[in-house]
Amino acid sequence: MIYLREELKLNPDMRELIKEIQKKWAEVKLKAQRECENNARYDMASKLSLCSMFRGDEDLEALCALMFTPQGAEFLTTYNFPDLSTFRKFKRYHPERYGIYIDSGKIAISEPKKAFLVGNTIATIKCEETAGNRIIAMCGATATIYASGYSVVKIEKDSQSKVSYTINDHAKVLL
């Protein structure tokens, strides 16, 4: 964690990128709040207005962790945020070390626990261990998931992405 904080301090480009995306997030969040109010979803509008999960002072590790929270994953996939061009700005910082694969082409992942697939990423994912796994797909990513044993796989995706799965043994897939 200290290394990543130092990385953020030493890399003003990363700091600016995170501030930029936080500003865009606030704009999208406000738009979503107004949309909820217009659709008489006042409870959700209130939750959106109170949300301060993303402050803009996070490092890459903390930003990636926010994406895997239930609220983060729901917001990203529901409101298509951020767009593919913004995700691509993070590729040079190697987010795959945190389970985020941006334009990674064809990849195979075993027992990921968490994987966030973005853009030109076509993943074959095997989940066999007795564990929970979270798979999120956005911006046209594709995933083929093989769940077996006692694994549990939670899948979330946006409207542009494709996810298929095969279940064997006692595995569970949650959509």
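**View 1. Contact between helices α4 and α5 in a predicted model.** Leu66, Met67 and Phe68 of α4 meet Pro70, Gly72, Ala73 and Leu76 of α5 (contact: heavy atoms within 4.5 Å). The residues of this contact comprise six nonpolar, one polar and no charged. Here Ala, Val, Leu, Ile, Met, Phe, Trp, Tyr, Cys and Pro count as nonpolar, Asp, Glu, Lys and Arg as charged, and the others, Gly among them, as polar. Helix α4 spans residues 60-68 and helix α5 residues 70-79; they pack at about 80°, axes 4 Å apart. The two are therefore roughly perpendicular (65 to 115 degrees).

**View 2. The ring pair Phe68 and Phe116.** Ring centres lie 6.0 Å apart and planes meet at 85°, so the pair is edge-to-face (centres within 6.5 Å, planes over 60 degrees apart). Phe68 sits in α4 and Phe116 in strand β3 (residues 114-118), 48 residues apart. Phe68 is buried at 7% relative accessibility (buried: under 20% relative accessible area, 1.4 Å probe, protein chains only). Phe116 is buried too, at 0%.

**View 3. The ring pair Phe87 and Phe116.** Phe87 lies in helix α6 (residues 84-90) and Phe116 in β3, so the pair ties together parts 29 residues apart in sequence. Phe87 is buried at 3% relative accessibility.

**View 4. An aromatic cluster.** Ring pairs link Trp25, Phe54, Phe75, Tyr79 and Phe81. The whole structure holds six aromatic pairs.

**Notes.** Residues are numbered from 1 along each chain as its sequence is written. In this predicted model, local features need pLDDT of at least 70, side-chain atom pairs count only at pLDDT 80 or more, totals for chains, interfaces and linings use all residues, and side-chain values use heavy atoms, leaving out hydrogens and water.

Definitions and conventions
Axes are lines fitted to C-alpha atoms, for helices over the stretch in contact, and angles run from 0 to 180 degrees between N-to-C directions. Angles under 35 degrees count as roughly parallel, over 145 as roughly antiparallel, 65 to 115 as roughly perpendicular and the rest as oblique. Rings of Phe, Tyr and Trp (its six-membered ring) pair if their centres lie within 6.5 Å; planes under 30 degrees apart count as stacked, over 60 as edge-to-face and the rest as tilted. Buried means under 20% relative accessible area, exposed over 50%, partly exposed in between (1.4 Å probe, protein chains only).
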